[in-house]
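I opened the notebook to log what I looked up in this structure. Entries follow in the order I made them.

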Amino acid sequence: MQLHPLTLDHMTYFSPGLDLSTLLPTLHQSCPEPLASRPPSAIILTLGHTHTTQTMVLLFFMILELSHGVRLVGGPNRCEGRVELWKNGQWGTLCDDYWTNKIMAIVCRELECGPAVAGPDVPLPAGKIYSPKPQKDQPIWNLKCQGTEETLVECEEDMSIECSDHDEDAGAICEEILNFDDFHLVGGPSPCTGRVEVKYAGKWDTVCNAGWTFQDAKVLCRELGCGRPFLTTGSCSKDQQGTGDIWPGQVECQGSEASLSNCPVVRMETNNCSHKDDTWVHCEERFALRLVDGKHNCSGRLEVLHKGIWGSVCNDGWGEKEDQVVCQEMNCGKAVFQKPRDRVRFGHGKGHIWLDDVRCKGKETSLEQCKHRFWGYHDCTHREDVSVICSVLQSSTELFPPENHVRKITGPFFGTYSWPNPRNVSCQARGFRLSHGF
C-alpha cells in the first residue's frame, strides 16, 4: 500500500490514497490556536469530533507520523515562554548553545506571533525562568539554525554536543498580537445590549472599560446592525459581570470604521482591571420601516420599528430628499412629489411617534443614516404623520402583494415575522449599513 504524504501547518501526515486536503477547512475552524503549538493527540481528537465515525477511524490508522510542532510554555501568554519542540513522538526543550535572536524569530513566525523582542540591549530569555519546570527526563534538542529557515524542523541537529541540564533551556519572547477574531454582546435583554466580549486566542474575554469610548461603542453598534449607542456604562452591575480572562488590549476607533476589526488595537499600559470594570453597551434596536394603509407596498403612511414597536414619523422638515431615501430603502421606484396637504391622505397613526426633525442629504441608503432627534423625542401630533408615495417596481410588487401591510425589514433578521396584519413574511438575511449623523 502506497503512502501519500501531506503537510498541514508543518505537520506531515501519510495516508493511503486519501486526499486529506478536503479536511483543511474544518481542521482550521476547529483549532482555536495555531496548529504548530498543539500536541498531535489534540489534533487527531479534533478531527475525530468534526467528522463521521468512519473518517475518525481512518484517520487514527492512517496518520502514521507527525513530524513536529513548537510551543512556548510557562509564559504570561502563548507568545512567551520556554521553547519546546515536538520531535520523535515527544515534547523536548531546546538547548541555548546556538540560540540567537534570528532563531527566536523563526519560533515567533511559526507561532504566528509578532516579531521577536530582541536587540543589543535586550538579553536572550532563559527557559529556566518559566514554570512549571520540565521533567528531568524530558529530552533536550540542540538545534543549529542558519536563521533563514521557515520552521525549526528545517534546522540541523548537532549530535556532537549534549545539553544535559535544563538550566540551559532556551526561552523566547515575541510580541503578542492582540487582534481579536470576533466579538458579541452577552448578558443583556437583546442582541443590541450587553457586556462586550471579544474572542481572543480561542476563548471569549471581557473588555475593560479603561480607554473604551463612545466612538468605540458607535462602531460596535453599527457592526451589529443596531442603532446608535445611547448608554455606555463605566462598569457592569454585579449580576452583569463576566468571568475568566480580561482582554489585555483596547481598541482606538474614530467612529467611522465599518468594523471593530478595522480599529487600531493597543496594549493597555496598566492592566489593573477587574470584572467590576467590564464594559456594558446599550445600542438602539435594529432599524426597520414600512408603508401602511396604501394601495400597494410602495405608498402609505410611514412607520418605523423601535424596541419592537411600530411608530410614525413627524413631517417637521420632511421633503423630497427624505422621500427618495425611503423609496430607495423600500426597493421601490422614484419618489412622487406630494403637496403638504396631500400627505395626510393615508390617515393618522396611533401610538408612538418615534422620529422627528429628520434631515437627509439624499445619498443615504437607509433612513436611519439621516440626522434626527433621539427616538421618541418630538413636538408633534399624529395629524403630522409623514406619508410617502413611490413609483412601483415590478420586483417589489412581486415580493409584497398589496394586501400585505408589512413592507420591508432591514438588518440581519432571520426567520418569519408576524406584524399587525395576520399574514407572515419570511425574511432573508441581508447586510446592514449604518452611519449615524451625529
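Predicted model: local features only at pLDDT ≥ 70, side-chain atom pairs only at ≥ 80, totals over all residues.

**Entry: overall counts**

I looked up the secondary structure. The protein has seven helices and 23 strands. I then checked burial. Of the 438 residues, 48% are buried. The accessible surface comes to about 21,800 Å². Carbon and sulfur atoms account for 51% of that surface. Next came contacts between residues at least 6 apart in sequence. I found that 67% of these join residues at least 24 apart.

**Entry: salt bridges**

How many salt bridges does the count come to? I got 13 salt bridges. I went through several of the pairs.

I returned to K203. Its side chain meets that of D245 in a salt bridge, at 2.9 Å from N to O. K203 sits in strand β12 (residues 203–206) and D245 in the loop between β13 and β14 (249–251), so the pair ties together parts that are 42 residues apart in sequence. D245 is at 42% relative accessibility, so I logged D245 as partly exposed.

The next pair was D357 with R373. Their side chains form a salt bridge, again listed as N to O, at 2.9 Å. D357 and R373 both lie in the loop between β20 (353–355) and β21, and the pair ties together parts that are 16 residues apart in sequence. I checked accessibility for each partner. D357 has 22% and counts as partly exposed. R373 has a relative accessible area of 32%, so R373 is partly exposed too.

Then I took R290 and E303. The closest N and O atoms of this salt bridge are 2.8 Å apart. R290 is in strand β17 and E303 in strand β18, 13 residues apart, and the pair links distant parts of the chain. Are R290 and E303 buried or exposed? Both R290 and E303 are buried. Salt bridges join R290, D293, R301 and E303 into one network.

**Entry: helix α6**

I listed what is buried in α6 (residues 320–329). The buried residues are E322, D323, V325, V326, C327 and E329. What covers the buried residues of α6? The cover includes β17 (288–292), β18 (299–306) and β21 (387–389).

**Entry: K218**

I looked up K218 in helix α5 (residues 214–223). K218 has 10% relative accessibility, so I recorded K218 as buried.

**Entry: nonpolar patch**

Which residues make the nonpolar surface patch of about 420 Å²? F230, L231, F374 and Y377 make this patch. I placed F230 in strand β13 (residues 229–233). F230 has a relative accessible area of 38%, so F230 is partly exposed.

Note on methods
Residues numbered from 1 in each chain as written. Heavy atoms only, no water. Buried < 20%, exposed > 50% of the residue type's maximum accessible area, 1.4 Å probe, protein only. Helix = DSSP H or I, 4+ residues; strand = E, 2+ residues; numbered from the N terminus. Contact = heavy atoms within 4.5 Å. Patch = residues over 30% accessible without salt bridge, like charges linked within 9 Å, V, L, I, M, F, W, Y side chains within 5 Å. Areas by Shrake-Rupley, 256 points an atom, 1.4 Å probe, with all protein chains shown as cover. Salt bridge = Lys/Arg side-chain N within 4 Å of Asp/Glu carboxyl O.
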